[in-house]
Amino acid sequence: MTAKEKSVVFFLFKRVFRQLLYVLMWLLLGGIVFPMVLSFITGTNYNLVEAIKNIILGPMLYIIVGCLALLSYSDFKVLIQNGISRHTYWKAKIVAFLGISALSQAIGILYVFLLKLTLSGLSWEKHSLFMQVYGGFFKNTTVAYLMSFLFAILSSFVFSLGCILTGSIFSLFAKKQRRLVILAMLTLFIVAVATISNAYDKNGFTVAPKIIELLNFLAGYDKSSAGKALNPTMPFIDLIIFGIVSSLCSLQVMKRFKVRNE
Amino acid sequence: MDGIVAKEIKKNFSKKTVLENINLQIKPGKIYGLLGRNGAGKSTLLSIIANRIFPNEGNVTLDGSTVFENDEALGKIYLMSERNLYSNSSKLRQLLNTTELLYGDFDYNYAQKLANIFELDLNQKFGKLSTGYRTIFKLIISLCVPVKYVFLDEPVLGLDANHRELFYRELVDNYVKTGKTFVISTHLIEEIANSLEHVFVIRDGKVIVDGDVEDVLENAYLISGPAKEVEQYTVGLNVIGQETLGNIQGNYVFGELDGERILPDTVTVEKMDLQKLFINLTNARGQLK
């Protein structure tokens, strides 16, 4: 990595981290401080420990980081003004979001562990979908935990990559066009949901067996593992493939970025 | 080849051709003027050179390497444009830090000195600045950033006469001290004319004049006198404009005069200034032979 690329990674990481803290601060204000103040005013009972226990920090950070990955055009504007190419921006964004995803999931995991230790919160396994579905596959608990952490970080990173791709596609459009595209997609979504529910009411669901087989394959399920924990190899492969495809597609989209008249 | 070379640049927006077959060279260590009327394609050309948009055809190189998607080349270019690419929520000091982080070696002391001269508080947010102060802030960056080529697109937009004067003084001072290349695109030609060494005039997406200011003005004349004599004297010359006041007529000529032609006593020949030349070259009649 060149010195310039490192500078861009640092710039993006700092920017995203600051935005992340800003969003988190508002979530804490809305989720803990505001209800607490309201309970003081109205005289209702408020349990601070329960409120802290109810915060699912990992998934929250997962979504927030993904949302921040959607924002592409504002960074592009600043970077192109400062003589940074689109390719370097793409590379730096991928690296910055790898770092942010890893950091945020590490914080999320640490938070659950600390809760368990201090406030007798739910154990981390109960929060982790990976541990529930694939945890039993590993004979060694430490390995299971490590793989689960890795999966959390990888899935958060790949989710961010998907969001980077989506955000970059939207960045190709002007504000007005973007609104129209969102409106069109929303309409299509509503029509699709209505059509599916209509079909379900009339005929019930009959999903093609090949689709079920494909979904089973992607999830690492086969008939021999019925009733047992599933093999996590496939989900890891799925994520890696999805991540590579998303990042390569986002590079192609970002290469078409240009400064717009807005 | 040394400097920035734009070769056969063509740019269309939808079906409209904005730039057509643009060829020019920007050599290091000069102050260039890029002149053209509104919509002539100046900003588009600068945006292409700074890799902000892509041409439909052609290439731009810096010291032989393409500038497109080339960090090394882009790191030697700074384009200050009318468009605000900085985040409105960022403080000016933060933006200076970002410029330093990404360009390196930013001259902070000079930036602070300029901010004091222009009475700009660097603790403000960019979005809170007036049009004039946004221009001033961008000018400060363009004078302090460690690049070889600085492109200024409408650098005095929104500036009052005092600030314009200050800017021209700092520009020349900076040029003398650093030897940077400046390319200035502006409508206020009269104010900057004395500082320009080389000029490009763009009309309808094509470069119609490309030369050192001295050489260009050497062939720019105003022939005035009684209408009949002036018309006779300028027959066959490249008359790019005309002015009349009663029976007195002034013909603007761009190109060599016929040395063998006898100048009537009633007709005078004067040199044209850059602004007059520009106006006449870019109006409906102005054309080059």
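This is a predicted model: local features need pLDDT of at least 70, side-chain atom pairs count only at pLDDT 80 or more; totals for chains, interfaces and linings use all residues.

Colleague: Start with chain A. How many helices and strands are there?
Modeller: Chain A has 11 helices and 0 strands.

Colleague: Now chain B. What is the strand order in the sheet?
Modeller: The order is E2-E1-E4-E5 in an open sheet of 4 strands, and the pairing is antiparallel.

Colleague: Which strands stand at the edges?
Modeller: Those are E2 (16-26) and E5 (65-66) of chain B. Each has a single partner strand, so one side of each is left without a neighbour in the sheet.

Colleague: Over how many bridges do E1 and E2 of chain B pair?
Modeller: E1(B), residues 4-13, pairs with E2(B) over 7 bridges, in the antiparallel sense.

Colleague: What is the bridge partner of Phe13(B) in E2(B)?
Modeller: Lys16(B) is the partner of Phe13(B) there.

Colleague: What does helix H1 of chain B touch on the sheet?
Modeller: H1(B), residues 42-49, packs on the sheet and touches E1, E2 and E4 (57-62) of chain B. The direction of H1(B) makes about 60° with that of E2(B).

Colleague: On to the interface. How many residues are in contact on each side?
Modeller: 24 residues of chain A contact 22 residues of chain B.

Colleague: And what area is buried between them?
Modeller: About 2200 Å² is buried between chain A and chain B, with 53% of it from carbon and sulfur atoms. On the chain A side, Gln81(A), Asn82(A) and Val259(A) lose the most area to chain B, together 31% of what that side buries.

Colleague: How many salt bridges cross the interface of chain A and chain B?
Modeller: The rule finds 1. Arg86(A) forms a salt bridge with Glu69(B), and their closest N and O atoms are 2.9 Å apart.

Colleague: What about polar contact?
Modeller: There are 13 residue pairs in polar contact between chain A and chain B, counting pairs with both residues at pLDDT 80 or more.

Colleague: Which helices of chain A supply at least two residues to that side?
Modeller: H1 (3-42), H4 (73-81) and H5 (86-119) of chain A each do. H1(A) gives the most, with 6 residues.

Colleague: How do the residues of that side divide?
Modeller: The side of chain A that touches chain B has 9 nonpolar, 8 polar and 7 charged residues.

Definitions and conventions:
Residues are numbered from 1 along each chain as its sequence is written. Chains are lettered from A and ligands numbered from 1 in the order in which they are written. Side-chain values use heavy atoms; hydrogens and water are left out. Two strands pair if DSSP finds at least two bridges between them. Contact means heavy atoms within 4.5 Å. Axes are lines fitted to C-alpha atoms, for helices over the stretch in contact, and angles run from 0 to 180 degrees between N-to-C directions. Buried area is the accessible area (1.4 Å probe) that two parts lose on being put together, summed over both. A salt bridge is a side-chain nitrogen of Lys or Arg within 4 Å of a carboxyl oxygen of Asp or Glu. A polar contact is a pair of N or O atoms within 3.5 Å; within protein, one must be able to donate a hydrogen and the other to accept it, and residues adjacent in sequence count only if both atoms are side-chain atoms. Ala, Val, Leu, Ile, Met, Phe, Trp, Tyr, Cys and Pro count as nonpolar, Asp, Glu, Lys and Arg as charged, and the others, Gly among them, as polar.
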